[in-house]
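Okay, thanks everyone, I'll keep this short. Have a look at the model on the screen and I'll walk you through a few side chains.

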Amino acid sequence: MTNPVVLIAEELSPATRAALGDGVDVRTVDGTDRVALLDAVSDVDALLVRSATTVDTEVFQHAPKLKAVARAGVGLDNVDVDAATSAGVMVINAPTSNIVSAAELAIAHMLAGLRHIAEASASTKDGRWERKQLTGLELFEKTVGIVGFGRIGQLVAERLQPFGVELLCYDPYVSKARAAEFSVTSVTLEELMRRADILTIHMPKTPETTGMIGADQFAVAKPSLHVVNAARGGLIDEDALYDALTTGQIRSAGLDVFSAEPPSASESASRLLTLPNVTLTPHLGASTDEAQERAGVAVAKSVRLALAGELVPDAVNVSGGEIAKSVRPGIALADRMGQVFTALADYSPSKLKVIVRGEIAEKDVSAVKLSALRGVFRPIVDQTVSYVNAPVLAEQRDIDVELVTDTHSERFRNEIELRGTLSSGRIVSVVGTLASKTQEHKLVGINGHQLDVPLSDHMLVITYRDRPGIVGQIGAVLGGAGSNIAGMQVSREADSGSEALVALNLDRPATGELAATIQSSIDATRAAAVNVSY
């Protein structure tokens, strides 16, 4: 078996390469050379980039084997996530890699602005000694308003505590109690703008947050206000900021990000370059050695999971969150049960319920649904089916998919059921569980028949009218075909003559022709060849 191929399109640290492990073949290409990139991706399994390589529909069209694209950083402006999802390619980034660097840069901009660091450095290098003209302000006992109290905002708060400041925050999605845990008072945006001596913004950029700090906010601010933006360009209305800075409405600003980058590309941003009371840096929030290495190592580890067929819970185009340890064994079981379902159903259902019962139902089991969908489509779709595009395939086929959880399970500690309604109205149900300490995959129910058989790679499932001699006839057909029975269980209703179901474990793959021969020879209601993998 050949090793998966990982293509690195930009400079990454030796630690990143080491984190990929020995079980991959690593190649390199200059991602900015479009022709070379398209040629290089033709047979790769994963692509690692930073910000200079554009990964779009054309790249995916040239990369039929591609399973994952990893951006060693936070932003994904250079990766077409929708195109990746349609192609079934997992998109991975490192959302927490730069949070410390970003928080520290915001604080650096606070101190630099209050103490005129940039202007003082330039003045001193120019031979001037302007101590009086560059008298600054202390951070001590100032009021700092933090707009956006997520991970970075919280890190800023923690690092500012020793400076002896009063901390306010505005974030409609963070409770007052949560803010209080950091000794921060949660207030409205208007109150924050009125009270703050320093404003630092740490919001994501969305249609709702774009321009959220503008003329109305500056109108109520103190004239001593120092504004810092090391989050995303466009969160502050740059025209309103320019007016506030030039009219004395506010004191100063420190900016690392702009609505257009470099800022000379935008009239509103470029005007800020001319102001002496603005300290500027060229989007350096993630530009530390530690953040760059942390990002590379993080995505390399995620790529390893993706190449192993594992679910990467923080992939940007995969729904679900962190997978609990108790849930993880059920991921593979759900995939294989999806394959069993498809073999028994013959074609896609119009409705599909993924039902999780037992102790694990108390956890987030959305990954179980994704894995079951992946299994359902793998036998019938001629493209790569992944955790990424399985929901898309269901949507394209108008399949109504529902996840149902129930903490009570009558027979087992935990069980997973796939129950689908076909367009004909027929209902197909498959129930599985994980047995003993070995976590063996078992089929414990098919279409209302209770079973307890290993979910092996090769099986036959036959439904027929119960009567003497049937099992012998089945054995004779299998023997004639050179197929050995490794295990078998018959489940029937109480009375002879009623419906029975037999599940057989085979040593070799079952074929549709073999199933059809058995169905004909015993006049079975249905016979299905089931061959599953993971």
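So, how many aromatic pairs does the structure hold? One, where a pair means rings of Phe, Tyr or Trp (its six-membered ring) with centres within 6.5 Å; planes under 30 degrees apart are stacked, over 60 edge-to-face, and the rest tilted. Phe-149 and Phe-182 have ring centres 5.4 Å apart and planes at 90°, so we call this pair edge-to-face. Phe-149 sits in the loop between strand 6 (143-147) and helix 7 (151-160), and Phe-182 in the loop between helix 8 (176-180) and strand 8 (185-186), so the pair ties together parts 33 residues apart in sequence. Helices (H or I, at least four residues) and strands (E, at least two) are DSSP runs, numbered from the N terminus. Both Phe-149 and Phe-182 are buried, meaning under 20% relative accessible area, with exposed over 50% and partly exposed in between (1.4 Å probe, protein chains only).

Before I go on, a word on the model: it's predicted, local features need pLDDT of at least 70, side-chain atom pairs count only at pLDDT 80 or more, and totals for chains, interfaces and linings use all residues. Residues are numbered from 1 along each chain as its sequence is written, and side-chain values use heavy atoms, leaving out hydrogens and water.

Next, Ser-97, in the loop between strand 5 (90-92) and helix 5 (99-114). Buried or exposed? Ser-97 has 4% relative accessibility, so it counts as buried.

Last one: Val-490 lies in strand 20, and at 35% relative accessibility Val-490 counts as partly exposed.
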